[in-house]
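Hi,

Here is the structure I promised to pass on.

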Amino acid sequence: MAAAASPLLLLLLLLLLLLVTVSNAIYCDEDDCYDLLGVKQDANASEIKKAYYKLSLKHHPDKNPDPESRKLFVKIANAYEILKDESTRGQYDYAIAHPEEVFYNTAQYYRAYYGHKTDPRAVLIGLLLIISAFQYLNQLGRLKALEFERTGGLSSKKKGHKQMDKKVEEEISNEVQLQIQGVEKPSLWSLYGVQFILLPYSIGKVLSWEFCWFWRYRVKKLPYAWEDACYLTRTSLKIPANTWQNIDDCRMENLVMKRLWEKNNMERYIAEMRKESKRRR
């Protein structure tokens, strides 16, 4: 049992050692940042700066064309970038003192080096562009699929019957357009990215509309305009805008005249619909 557990324990220790090595190596590779600059760990900022400039004069590519010296200068410059900043130096010292906290040290390193270099605005814009692209493609795919389902392969039939009467073709196309409800054609104005950019304008427009509504119908007590009466009727019945537009004019006028946005009228209308439904049964 002990013999079987020994290789497993050895493997775990080797893995732990590898992780610890990786945790320490993320800052200055296999080297020690302090050793690269030739200073002690308790050196102050002035001593670190002097050591860096001294080594720069010796190993800078403009001063020393030797390829090995160039590689060493890159390491020295990286070590100085880490140690000159109090925040990153503190994280490096913590990684030295706590090499077992591999994941924490790695996260701190990448947050320090890449977090401040990434503009949040660029991330937000990129995210909105990606979401908007998926939204547009999804709407387009749903519309194409629904069109194909409704037409029953009308496009393929057109190819086989080139002499189809144009009037019949137009009637079929119009019928198909009327059948496709609830799925609108993709529009750039409906994309999340565009709506986010236009958010201040949209908020101002809504506030202006609310103020005009309050002033016109609450303060001055004017009768509702036709468009506003249609809006109240549609919202009272919870009918989508595209469905409301497809209602015939006679029925639309009849519903508006019932003033269903008033509670008593709505209750009366619901009762009538229930009676009508029972009578049909």
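The accessible surface of the protein chain is about 21,300 Å², and carbon and sulfur atoms account for 60% of that. Please keep in mind that this is a predicted model. Of the chain's 281 residues, 25% count as buried. The secondary structure consists of 15 helices and 0 strands. Among contacts with a separation of 6 or more, 57% join residues 24 or more positions apart.

The largest nonpolar core has 22 residues, and Tyr27, Cys33, Leu37 and Leu83 touch the most other members. At least two residues come from each of H1 (2-28), H2 (33-37), H3 (45-59), H4 (67-83) and H5 (86-97). H4 gives the largest share of this core, with 6 residues.

Leaving aside residues up to four places away in sequence, Tyr27 touches Cys33, Asn78, Ile82, Thr88, Gln91, Tyr92, Ala95, Asn105 and Tyr109. There is also a second, separate core of 11 residues, with Cys230, Ile239, Ile247 and Met266 among them.

One helix pair is worth a look too. The axes of H12 (residues 226-237) and H14 (residues 249-257) come within 9 Å and cross at roughly 85 degrees, so H12 is roughly perpendicular to H14. On the H12 side, the contact is made by Trp226, Ala229, Cys230, Thr233 and Leu237, while H14 brings Met252, Glu253, Leu255 and Val256. By class, that contact has 7 nonpolar, 1 polar and 1 charged residues.

Best wishes

Methods: Residues numbered from 1 in each chain as written. Predicted model: local features only at pLDDT ≥ 70, side-chain atom pairs only at ≥ 80, totals over all residues. Heavy atoms only, no water. Helix = DSSP H or I, 4+ residues; strand = E, 2+ residues; numbered from the N terminus. Buried < 20%, exposed > 50% of the residue type's maximum accessible area, 1.4 Å probe, protein only. Contact = heavy atoms within 4.5 Å. Areas by Shrake-Rupley, 256 points an atom, 1.4 Å probe, with all protein chains shown as cover. Axes fitted to C-alpha atoms, helices over the stretch in contact; angles between N-to-C directions. Parallel < 35°, antiparallel > 145°, perpendicular 65-115°, else oblique. Nonpolar A, V, L, I, M, F, W, Y, C, P; charged D, E, K, R; others polar. Core = buried A, V, L, I, M, F, W, Y, C linked by side-chain atoms within 4.5 Å.
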